[in-house]
Amino acid sequence: MKLRPYQQQSVEAVINHFRTSNDAAVIVLPTGAGKSIVIAELARIARKKVLVLTHVKELVEQNAQKISLLGTQMSIYAAGLNTKDTKNKVVVASIQSAARAPTRFSEDYSLVIIDECHRVSDIEDSQYLQLLEHLRKHSQRLCLLGLTATPYRLDTGWIYQQHYHGIVRSDRPKPFFKCVFELPLRQLIKQGFLTEPKLFDGLSAQYHFDGLQASPNSDYPSAQVDAILSTQGRATRQIVKQIMQICQTRQGCIIFAASVAHANEIIKLLDTEQAALVTSETDNLTRARIISEFKDKQLKYLVNVSVLTTGFDAPHVDFIAILRPTASVSLYQQMVGRGLRLAADKEDCLVIDYAANGFDLYAPEVGEAKPDSSSVPVQVPCPECGFGNTFWGKVDSDGDVIEHFGRRCQGLVEDNRCQFRFRSRICPECGQENDIAARACYQCQSLLVDVDKHLAAVLKQKDRHIFKCSAMSLAITHDKKNQTRLTVTYFDEQAQNVEQHYHWQSTKQIYFAHHHFSRRHAKAPDTFEAYEDLNQLIANQDSFKKPDILILKKSKFGWQIEHAFFDYKGRHQKPTDAF
């Protein structure tokens, strides 16, 4: 079996990494790129014992098959396959079975490979981490490698810390340290290794899930989804009717339903012997029979509820119908990936998203919670190191970035993370820039202000006032000496206002205005222009954002702005009282 060029490159990247480092590594390859071939080759060339772990029996079978094709001695340890053998050089195991009997893995393993490694959480008592802890007690030098098409989780973001392109994904510990190889989906399609997807939203009918609310750490609540679907039976009928019309010219269709009740409704509407349903409640024998019949093209429609997103390989599938909402781009990519493998007489794969999830299949995942539905991934260059960061942001009709939500540059400079911060919290004790969410100063360890506690204290002071800002305007004014200045006026809900002035005469005054106003208020802090002409700044005032909360201090000159808080989401979001 000959490896494709990119598969060989990924193998070489792993070898080069572990020659000089023992840090846990990740390979990112799109669904259908042949991760099992890469696993088989790494298992073949390893000198000592290798353990291949995954979470479903279908992937255990798939990986074991590819390993045996390369002539490597291999054992399978999986209760679901009725075999628990660990005697050979390579052991392919399900994590559930292996974690229940860690003492069966008390030998000197040199390499652990985890397929679909985005399922590894950083919770200490997780099955993967407990088994790895046991393996390290018996191994002289254990190398850990993960493979996935989607290296991020809905709850914790990226599963690794650094990328070989010089990107810092996270400063916090992750299950894996470095991504050592990645191949974009678009490149695989262009090179002819995957089928081109034809992506559409619902054509004649579509579900409306606008009212759904997902928490930052989980998908949409099933109860909310079912409640909405219960009122949209007409839409389901129209959608199923369209699916059947389209399938007249398609080889195989996978339908992703939102719940078991929803899936049963779809099966009844399909009303054909060519359709079958698989859910987590389907027994193993029935499930195996249905999948076998579908792969043999005895069935045209395969309806499922969250069970065919990984470990399922039916290359002839050329129609993916997504009838469920999801907040996870990872799950969305896995669903679409079921139809991207090459097959005879298959020119493309039609993908219709009847739930209007709105994900870009080719866009990189940002690894942070999406601020709102209108945010998209945007590229933002660092003004210090030049690195092209990917953040959530907003663009205008021309595609230009008008706002982004990045905090710190993700670039690596001489193996250290770039220190530039797009948004920061200044320590009042030493002046150090800190992350905007930091609780203590990185430099002097002084406790930084807890905004809610600070505002609660302000409410108790007679000479302080909380001003909730609802609008901001910029204007050119002149002082009593007729000196030009920038005047910033903040308004609250009751149309009361407070002003702030920046003189615009000398180079030092202009620099002061840009440092204290322009950069702090810029929607895209790195891309704001340091205008010398005040008229240009006023003409472009839409590129600046207002603060959410101002703390005012009473002086002999009236109310003065003492602090400004941006992106505030705390308890004190309420109308401002008169002052």
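Among contacts in the protein chain between residues at least 6 apart in sequence, 61% join residues at least 24 apart; contact here means heavy atoms within 4.5 Å. This is a predicted model, in which local features need pLDDT of at least 70 and side-chain atom pairs count only at pLDDT 80 or more, while totals for chains, interfaces and linings use all residues. Residues are numbered from 1 along each chain as its sequence is written, and side-chain values use heavy atoms, with hydrogens and water left out.

## Overall build

The protein chain holds 14 helices and 31 strands. These elements are DSSP runs numbered from the N terminus: helices are H or I with at least four residues, strands are E with at least two. The C-alpha trace spans about 90 × 60 × 45 Å along its principal axes. Of the 579 residues in the protein chain, 51% are buried. Buried means under 20% relative accessible area, exposed means over 50%, and partly exposed lies in between (1.4 Å probe, protein chains only).

## Helix packing around α2

Helix α1 (residues 5-20) packs on α2 at an angle of about 45°, with the axes 10 Å apart. Axes are lines fitted to C-alpha atoms, for helices over the stretch in contact, and angles run from 0 to 180 degrees between N-to-C directions. The angle makes α1 oblique to α2. Under 35 degrees counts as roughly parallel, over 145 as roughly antiparallel, 65 to 115 as roughly perpendicular, and the rest as oblique. The crossing of α1 and α2 is right-handed: a crossing has that hand if the near helix is turned clockwise from the far one by less than a right angle, and is left-handed if anticlockwise. On the α1 side, Gln7, Ser10, Val11, Val14 and Ile15 make the contact; α2 supplies Ile37, Val38, Glu41, Leu42 and Ile45. By class, this contact has seven nonpolar, two polar and one charged residues. Nonpolar covers Ala, Val, Leu, Ile, Met, Phe, Trp, Tyr, Cys and Pro; charged covers Asp, Glu, Lys and Arg; the others, Gly among them, are polar.

Helix α2 (residues 35-45) also packs on helix α3 (residues 57-69), at about 50° and with axes 8 Å apart. That makes α2 oblique to α3. Here α2 passes α3 in a right-handed crossing. Ser36, Ile37, Ile39 and Ala40 of α2 meet Gln62, Asn63, Lys66 and Ile67 of α3. The residues of this contact divide into four nonpolar, three polar and one charged.

## Salt bridges

Side chains of opposite charge can pair when their charged atoms come close. A salt bridge is a side-chain nitrogen of Lys or Arg within 4 Å of a carboxyl oxygen of Asp or Glu. By this rule the count comes to 15 salt bridges.

| Pair | N to O distance |
|---|---|
| Arginine 44 and glutamate 41 | 2.8 Å |
| Aspartate 348 and arginine 250 | 2.9 Å |
| Lysine 468 and glutamate 493 | 3.5 Å |

Arginine 44 and glutamate 41 both lie in helix α2, three residues apart, about one turn of the helix. Arginine 44 is partly exposed at 40% relative accessible area. Glutamate 41 is buried at 10%.

Aspartate 348 sits in strand β18 (residues 348-353) and arginine 250 in the loop between α8 (233-246) and β14 (253-256), so the pair ties together parts that are 98 residues apart in sequence. Aspartate 348 is buried, at 17% relative accessibility. Arginine 250 is buried too, at 18%.

Lysine 468, in strand β26 (residues 464-468), and glutamate 493, in the loop between β28 (484-491) and β29 (497-503), link distant parts of the chain, 25 residues apart. Lysine 468 is partly exposed at 24%. Glutamate 493 is partly exposed at 39%. Elsewhere, salt bridges that share partners join Asp171, Arg408 and Arg417 into one network.

Arginine 464 lies in strand β26. The residue is buried, at 17% relative accessibility. Not counting residues up to four places away in sequence, arginine 464 touches Val458, Ile551, Leu552, Lys553, Trp559 and Glu562. Its C-alpha atom is separated by 9.4 Å from that of glutamine 560, 96 residues apart along the chain.

Serine 94 is placed in strand β5 (residues 90-94). At 7% relative accessibility, serine 94 is buried. Leaving aside neighbours within four places in sequence, serine 94 is in contact with Thr54, Val60, Tyr77 and Ala78.
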